[in-house]
Amino acid sequence: MPKLKKHKLINPVENLEDYICQKHERPLELFCRDDQTCVCQFCTETDHKNHNTVPIEEESGERKIQLGKTQTDMQQMIQDRLKKIQEIKHSVELSKRSTEKEKADSVEVFTALIRSIERSQAELLEVMEEKQRAAERQAEGLIKELEQEITVLKRRDTELEQLSHTEEHLHLLQIYSSVCSPPHTKNWTEISINTDLSGDTVRTALSQLQQTLNEKLTKTLNDKLKEAELKRIQQYAVDVTLDPDTANPYLILSADGKQVTYGVERQKLTDTPQRFNPGLGVVGKQSFSSGRFYYEVQVRGKTAWRLGVVRENINRKERITLKPQDGVWTVGLYDENQYWAGADPPVRLPLREKVETVGVFVDYDEGLVSFYDVKSRSHIYSFTGQSFTQKLYPFFNPCKNDGGKNSAPLIISPVLKTK
């Protein structure tokens with residue numbers, strides 16, 4: 001980070017010539033607002049004739065008011081950085097707790113296995129500890145930068161405090177611009193510590209061991225992993241509510257905005273730009289443009305449905321094409337037992353059990369959209385390596401009711417975290 005320039009207050013006694021008009025050899029008593037300079041009385045009759053001039057004391061008083069505002073802003077910047085330090089320290093504490101939780105889970109898994117996996121367990125824990133150490137090192141670096149900026153800001157605040165009490169009006173005007181220019185500092189708004197530990201490390205280590213395990217141990221181990229993964233993503237649960245202004249006229253929403261069904265008759269609704277028409281669908285009121293989020297939808301009793309997320313600028317005035325290239329990431333059920341992912345080309349999903357509740361997890365920054373069978377705690381499908389540049393909205397399509405066979409609603413259900 002570049003060094004910030006320190007402004008030193010000049011002793012006016014050592015610069016008396018700055019108080020005299022060099023042209024007329026008269027005291028500088030006025031301030032020309034047109035030319036932003038101090039002038040004497042004779043200057044207003046020559047070079048500064050018809051200019052907006054005021055007594056130096058008046059201009060100085062107004063500048064002191066601005067100094068006060070600048071000082072208030074500076075103090076707020078200090079408080080913002082002190083708050084950021086507390087946020088970082090809190091993030092580190094959360095990271096420690098997450099690390100300990102992951103360690104405990106992995107120990108529980110590995111203690112159920114034979115002695116041959118003990119070495120792999122130790123290696124896994126070391127990797128997780130290194131992630132924690134890396135998070136702490138990152139936090140230390142950020143805190144150091146913040147403290148350095150606070151030091152500079154406090155120094156500037158002191159200078160502003162001294163200047164706000166000076167009676168040397170000419171001196172104040174001469175250094176006003178340089179002192180009141182805010183120091184060059186970093187924008188800390190989006191900077192944070194990642195408190196999440198990815199489950200990829202656990203899965204990679206265990207996949208190398210599965211070949212040596214018998215069928216019973218493999219099943220037990222996989223069950224524990226599924227549960228751990230679902231626990232991990234459920235912590236990003238968000239409250240999603242359906243947006244009635246986007247619903248296709250054939251869709252009926254519940255009063256609480258948590259259920260959607262297909263109606264037999266078309267409703268008379270205003271065809272807003274946000275409404276899906278003729279495409280069958282509705283999106284949530286909530287949008288996401290960063291981070292991770294997760295929600296669950298009950299699909300029990302349905303013979304057809306589509307769920308996922310869509311891009312903000314998706315064309316809502318034509319049939320919806322289920323392709324990531326068109327801003328749609330979904331999975332769905334067709335003809336009672338055929339599950340498909342809306343990839344290009346579509347991918348058939350060989351699910352053995354009937355899905356009752358679907359979990360939708362999105363990692364915006366990593367370009368990941370994943371779907372889970374909540375009841376069996378199993379992974380359904382993932383879109384990976386996506387590049388999101390717009391807001392994403394949860395998307396719901398209950399599909400046509402098929403003569404009553406598919407009349408059950410899609411229900412946004414509260415996330416009951418796995419114990």
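In which sense do strands β5 and β16 pair, and over how many bridges? They pair in the antiparallel sense, over two bridges. The legends below describe close-up views of a predicted model.

**View A. Strand β16 and its partners.** Strand β16 spans residues 410-413. Its neighbour β5, residues 259-262, places V260 opposite L410. Strand β7, residues 292-298, also runs antiparallel to β16 and is joined to it by three bridges. In that pairing, E296 stands opposite S413. Both faces of β16 are covered. L410 and I412 lie on one side, I411 and S413 lie on the other, and these four residues are all buried.

**View B. A salt bridge between distant parts of the chain, K64 to E167.** The closest N and O atoms of K64 and E167 are 4.0 Å apart. K64 belongs to helix α1, whereas E167 sits in the loop between α2 (118-164) and α3 (169-180), and 103 residues separate the two. K64 is partly exposed, with a relative accessible area of 23%, and E167 is exposed at 57%.

View C. K84 and E87 form a salt bridge with an N to O distance of 3.2 Å. About one helical turn separates K84 from E87, because they are three residues apart in α1. K84 counts as buried because its relative accessible area is 11%, while E87, at 35%, is partly exposed. A salt bridge of 3.5 Å, N to O, joins K103 and E100. These two residues also lie three apart in α1, about one turn of the helix. K103 is buried at 19% relative accessibility, and E100 is partly exposed at 46%.

**View D. A salt-bridge network.** R33, E58, E59, E62 and R63 are linked through salt bridges into a network. The structure as a whole holds 21 salt bridges.

View E. D80 is located in α1, which covers residues 56-110. Its relative accessibility of 39% makes D80 partly exposed. The C-alpha atoms of D80 and T189 are 9.4 Å apart in space, although 109 residues separate the pair in sequence.

View F. A search of the whole structure finds zero disulfides. For C32, the nearest cysteine sulfur is that of C43, 9.3 Å away. C32 is buried, with a relative accessible area of 0%. C399 is buried as well, with a relative accessible area of 10%.

How values were computed: Residues numbered from 1 in each chain as written. Predicted model: local features only at pLDDT ≥ 70, side-chain atom pairs only at ≥ 80, totals over all residues. Heavy atoms only, no water. Disulfide = S-S within 2.5 Å. Buried < 20%, exposed > 50% of the residue type's maximum accessible area, 1.4 Å probe, protein only. Pairing = 2+ DSSP bridges. Salt bridge = Lys/Arg side-chain N within 4 Å of Asp/Glu carboxyl O.
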